[in-house]
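Hi everyone, thanks for making time for this one.

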Amino acid sequence: AFIPDIQILTDYFPNKLPPVFDYVLDNIDDKNIKYMVTLGDLTDENTQEEWDLVKEQLDRFNGILPYSIFRGNHDGVWKNQPAIYDSIFADPNSDYYKHVQANGGFYDTSSVKNTYLLFEEGGTKYMLLNLDYGITDEKILDWADEVIEAHPDRRVIVATHAWLGSHGEPFATGEWSSPGTEVSGSIDPDRIWNEHLSKHANIDMIVCGHSQSDQILCT
């Protein structure tokens, strides 16, 4: 189950936030849901109040359905705001940190911005690779390559906030609404694909949110 860009609900219509997660919880059995993947922009203004609302919903899944999280541009990246995200979820005592620690790994153990998670379903082994918005450090992508290469038996799902534009192609460097236009020095999806991810035959899909479209886009 993929949950993209709920920031407007979190900020302006918080009473509408629980039903989104109710739907996932209510359909675990009927729709055979094995994982929930949020796709960034969980908040609109990156406030403590918004993050508390998000955490309240995510806490409902602990021990019931595994999930993964990472940041979108509104989650403190866009305006280089305080790292509330990590202050909550990268606490070693948090349920999410313990989940990553037990089932995958971190690029940096003091952060949950870039992580991977392993699971198995129906005899098939999977990896969720969660990448932060607006990556500026090539070492993070080198780490992603190494993690994928270390698990050749895994079918890999890469999840990140911004990948496809509304035209259905990966954002090109300098394109409007690409990470590079919002985060100085960030490595845009076209480079991430050409220089890193395209090398791996076991990547099944890359999923994202961010860009508005009237249809589900795939390429």
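Let me start with a term: helices (H or I, at least four residues) and strands (E, at least two) are DSSP runs, numbered from the N terminus, and two strands pair if DSSP finds at least two bridges between them. Before the details, a word on where things come from: this is a predicted model, where local features need pLDDT of at least 70, side-chain atom pairs count only at pLDDT 80 or more, and totals for chains, interfaces and linings use all residues. Residues are numbered from 1 along each chain as its sequence is written, and side-chain values use heavy atoms, with hydrogens and water left out.

Now to the hairpin of β5 and β6. Two residues sit between its strands, and Gly122 there takes a positive phi near 60°. The strands β5 (115-121) and β6 (124-131) run antiparallel and are joined by seven bridges, with Glu121 standing opposite Thr124 in β6. On to the next neighbour: β6 and β7 run parallel, joined by six bridges, and here Leu129 stands opposite Val158 in β7.

Is β6 largely enclosed or open? Buried, for us, means under 20% relative accessible area, exposed over 50%, and partly exposed in between, with a 1.4 Å probe and protein chains only. Six of the eight residues of β6 are buried, so the strand is largely enclosed by the rest of the structure.

There is also an open sheet of three strands, ordered β1-β2-β3, with parallel pairing. Its edges are β1 (2-3) and β3 (67-68), and each has a single partner strand, so one side of each is left without a neighbour in the sheet. Strand β2, residues 36-38, pairs with β3 in the parallel sense over two bridges, and Val37 stands opposite Ser68 in β3.

If you like backbone angles, here are two asparagines for you. Asn32, in the loop between α2 and β2, has phi near 55°, a positive value in a residue other than glycine. Asn46 also has a positive phi, about 60°, although it is not a glycine. Asn46 is placed in the loop between β2 and α3, and Asn46 is buried, with a relative accessible area of 5%.

What does Asn73 touch, not counting residues up to four places away in sequence? With contact meaning heavy atoms within 4.5 Å, the answer is Asp41, Trp78, Tyr133, His161, Glu182 and His210.

Next, the cores. In soluble globular proteins, nonpolar side chains tend to be buried together. We call a nonpolar core a set of buried Ala, Val, Leu, Ile, Met, Phe, Trp, Tyr and Cys residues joined through side-chain atoms within 4.5 Å. The largest one here has 37 residues, and Met36 and Phe89 have the most contacts inside it. Elements giving two or more residues to this core include α2 (17-26), β2, α3 (48-58) and α6 (95-103), while the largest share, four residues, comes from α5. Apart from that core lies another, of 19 residues, among them Ile135, Trp143, Val158 and Ile203.

Coming back to Met36, its contacts, not counting residues up to four places away in sequence, include Ile3, Phe21, Leu58, Phe61 and Tyr67.

On a 1 Å grid over the protein atoms alone, a cavity is a set of points where a 1.4 Å probe fits but cannot get out, and a pocket is an open set with protein on both sides within 12 Å along at least five of seven lines; lining residues have an atom within 4 Å of a point. Grid points are joined across faces, edges and corners, and a volume is the space filled by probe spheres set on the points.

The structure holds two cavities of 30 Å³ or more. The largest has about 90 Å³ of space, and its lining includes Leu131, Tyr133, Ile135, Trp163 and Ile192. The second largest cavity has about 30 Å³, with Lys55, Phe89 and Tyr96 among its lining residues.
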